[in-house]
Amino acid sequence: MANDSQSRSARRKSLKPSKKTNGKRRVPFKTIFMTLLTIGIVLMLGVGGLFAYYISQAPELDEAQLSDPFSSRIYDMNDELITDVAGDERRTRVNYDDLPPELVDAVLATEDVRFFSHLGIDPRRIGAAVISNITNGFGSEGASTITQQVVKRSYLTSNKTLERKVQEQYLAIKLDQEYSKETILEMYLNKIYYGQGAYGIIEASETYFGKSELKELTLPEMALLAGLPQRPSGYDPYENPDLAQKRMSTVLNLMVQHDKISEEDAEKAKETNVEDLLTEQKDKERPYKAFIDQVAKEVSKKMDGADIYKDGLEIHTTIDPNAQETVEQALSGEGPIAWPNEKLQSGIAVTDTKTGAIRAIGGGRDYTTGGYNYASDINRQPGSTFKPIAAYGPAIENEKLSTYHQINDEEITIGSGEDAWSPGNYDDRFRGWVSMRDALKDSLNIPAIKTLQEVGPEKAQPFVEGLGFSFENSEMYLSDAIGGGVLTNPVQMSGAYAAFGNGGKYNEPFTVRKGETPEGESVDMTPESKSAMSDYTAYMITSMLGTVMEEGTGRAANIPGLPVAGKTGTTNRNLEDGTSIVPDVWFSGYTTNYSVSIWTGYSENNENLSDSSQQIPRQLFKYVMQDISAGKETSDFTKPDSVQWVDVEEGSRPAELPSDYTPESQIVTELFHVDNQPTETSEQFDKLDPVSGLSANYNEESQAIDLEWDHSEDNVTFEVSVAIDGGDSRELTTTDSRSMEVSQIQPGSTYEFTVVAISKDGDAERSDPSSASATVPGGEEDAEQPEENKEEQNNSGEEQGDEGSNENPEEDQNENGNGGNSNGEGNGNENQGNGSGNNGQNGNGNEEDAEETPPAEEGEESGEEQNQEGESEPGTEEEPASDGEGEQEEEQ
């Protein structure tokens, strides 16, 4: 029993968890193995199923497709075919028997040394690639054999996906089973792209060495051809001879490594200079070369490295063949420009204003395929064409400034010490206060810099970047206001300017709408439209650039009858020897349909442009824009509701509305944001207040009328007029004085005087008239005189009137021989200088007392003297009258 109890205790003890297992049961190895095996089988089945699906989707092999170059077909903006980049006439084929053994050895040593022994794929290469892909990431290294490359270039894209690799390996094995190795190598050498537009080994031999017979090739030439397909543009011996030389040496080393040639042969071949092997470069016949080169770059960038020369794509572009031909004609020797020499270059980009689609590219004069594209490859300072982008655009956008905004064009210095910068205008003149419109019209530098300074580079930078530009060190400086820092090209500038004509919406310029792969996959390559600025900014800039075309620096590029806006640009550079040159000139302009940007300069960027050469961008713009716009409706730019045309008084700072008295010549109409319109009315040309305290009183002692008045302004003069007995008012005088005495008055008459204040500077409207009247006594006594005296007196007056004419009504009455004053006697006054020739006295009606009247000339002369002395009319002099005929005759 004890043994049984002990046994049971032992069994219970054995059932307790072990401390070493921490309370957990051990999983038997068999269970783990079976689980992993199950997972492995499931994964294998899953992968196998996936691979089976990929294989089922693989295309069928076709001998014609396997042999033809796998080039792309390119279509224009209307989906009309414009070119096949290989071209039927350039598909010269080679048979295996025509291949020199050394050429075959060079190709196999470089591309696939076990080609004749593997089954279409090379397991050793696959293993090495797998290790590399695990270490460095999927797609870091390929394992493609020549057979796989034939398949890929015939049916598949260059995309590094699992599906493509599975299909590629399956089709390579199938190809190897159905065709001989020699036929497959023929396919490869007839299909592969060698650069410079050459497909196939024979085309490449003719292109680079001028040899159509492959047996004529030397070992260095064979090595160079064998090394090109891996990277045709990079190893292009015309463009990159140094890289081509290194590539040739690499191929020779591989041939030695695989026992194809001796070390001695390789070293001798390496001594050959690649450039000495080349024939004269000839441009292959292909339409629209500059545009298609740009298409190739864009496809590679947006389709994961796809190559239009290798991948058999269907490319739908934005090109307008008519616009492209116009641009090419403009840059040709038969175009509108008298080019000063062969070295001067120019690049042109034509972009659709609304979409950003590039309609034409002028890559340069005599552009060759793969050449340097002056429309898209250059990086040059844009000069003053950058002012709307970097200065005025950001200022309007952020501050809602008007086109009238006043800026002081004056000498300035920015910074201090060694960093001090004292910019100037192109003509070394300063114009004082100018409007933003006039500053842009005349392309003044100081106002642009001060405008950017006012808004702040930190606010302006996002605006500029929103138009597709970037800054060195990601920082904007004041010099960017005049294009001093940013580097750009015509394609980029045409896109930025298009945003101004498109209501502020920016579209990155593009040449390809969509690309289609051989598998039927379609890739939309149209960029999204972005809002770069408000509609009011776009319209204000457009309006000012329209003034540039009509009145400013862009007049030579203007096209009558076409709503167009644009801006000139010039850069300056100081050379080490102290001389200053103009290396770049620009013109960028747009309508509602097209945006065109043009650069002109030298490729070395260190030569000066003559005055005539600086006009070329304007001439090119006018020619191109006029031609592409012919027969096409071009609508005017539409003013948005966010801006208003407002009349303002010129010279007011800040802007003020004109008053009712502002002269028309002092009113300008400018654009204002609806939230920032002027509200104050100018007082510069207000109407003067009327004179105050005007009085007219008869002075019995002086027998004259005394006028007096006052006025609140100092810089005024006064116009005095008089009307007698209700007659017409006639001007007496204009005087600075505020009082005057009027003599030679008619007894019994009523004189009504009018005084008007007038601004001496003409900066205010004349005042309303003020009036006062006075009646001269003596009319009744005159009425009681005997009739004969009146008759004699009238006769005497008639004689005097005959002797001297008098145009003033009051003076006419003084000549009528009226009886004297209230006492009935003559007044004995010799009132000279009234301009009437009346030098006689107002007689008493007695013939003996009547004096002889002097000639009118003397009276007029005397009157002029008195007027020059500022004395009042009519007659304020009070000298005694002459007492006898003798004295009168002596004066005469």
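At 38% relative accessibility, Asp-768 counts as partly exposed (buried means under 20% relative accessible area, exposed over 50%, and partly exposed in between, with a 1.4 Å probe and protein chains only). Its salt-bridge partner is Lys-687, with the closest N and O atoms 2.4 Å apart; a salt bridge here is a side-chain nitrogen of Lys or Arg within 4 Å of a carboxyl oxygen of Asp or Glu. This pair links distant parts of the chain, 81 residues apart: Asp-768 sits in the loop between β24 (750-759) and β25 (770-775), and Lys-687 in the loop between β18 (667-673) and β19 (692-699). Helices (H or I, at least four residues) and strands (E, at least two) are DSSP runs, numbered from the N terminus. Lys-687 is partly exposed too, with a relative accessible area of 30%.

Before going on, please keep in mind that this is a predicted model, where local features need pLDDT of at least 70 and side-chain atom pairs count only at pLDDT 80 or more, while totals for chains, interfaces and linings use all residues. Residues are numbered from 1 along each chain as its sequence is written, and side-chain values use heavy atoms, with hydrogens and water left out.

The structure holds 24 salt bridges. One of them joins Lys-297 and Asp-377, whose closest N and O atoms are 2.7 Å apart. Lys-297 belongs to helix α14 (residues 289-302) and Asp-377 to the loop between β5 (358-362) and α16 (387-399), so the pair ties together parts 80 residues apart in sequence. Lys-297 is partly exposed at 39% relative accessibility, and Asp-377 is partly exposed at 24%.

Lys-514 and Glu-516 form another salt bridge, with 3.5 Å between the closest N and O atoms. Lys-514 is partly exposed at 30% relative accessibility, as is Glu-516 at 23%.

## An enclosed helix

Helix α9 (residues 201-209) is largely enclosed by the rest of the structure, because eight of its nine residues are buried. Those buried residues are Ile-201, Ile-202, Glu-203, Ala-204, Ser-205, Thr-207, Tyr-208 and Phe-209. They pack against α4 (101-111), α8 (181-191), α10 (219-227) and α13 (274-277), where contact means heavy atoms within 4.5 Å. Just after α9, Gly-210 takes a positive phi of about 70°.

## A buried threonine

Thr-351 is found in strand β4 (residues 345-352) and is buried, with a relative accessible area of 0%. Its side chain makes a polar contact of 2.7 Å with the side chain of Ser-494 (a pair of N or O atoms within 3.5 Å; within protein, one must be able to donate a hydrogen and the other to accept it, and residues adjacent in sequence count only if both atoms are side-chain atoms). Leaving aside neighbours within four places in sequence, the contacts of Thr-351 include Gly-356, Arg-359, Ser-494 and Tyr-594.

On a 1 Å grid over the protein atoms alone, a cavity is a set of points where a 1.4 Å probe fits but cannot get out, and lining residues have an atom within 4 Å of a point. Grid points are joined across faces, edges and corners, and a volume is the space filled by probe spheres set on the points.

The second largest cavity has a volume of about 40 Å³. Among its lining residues are Thr-568, Trp-586, Phe-587 and Arg-618. The elements giving two or more residues to this lining are β12 (565-570), β15 (584-590) and α22 (616-629).

How values were computed. 1 Å grid on protein atoms, 1.4 Å probe; cavity = no way out; pocket = protein on both sides within 12 Å on 5 of 7 lines; lining within 4 Å.
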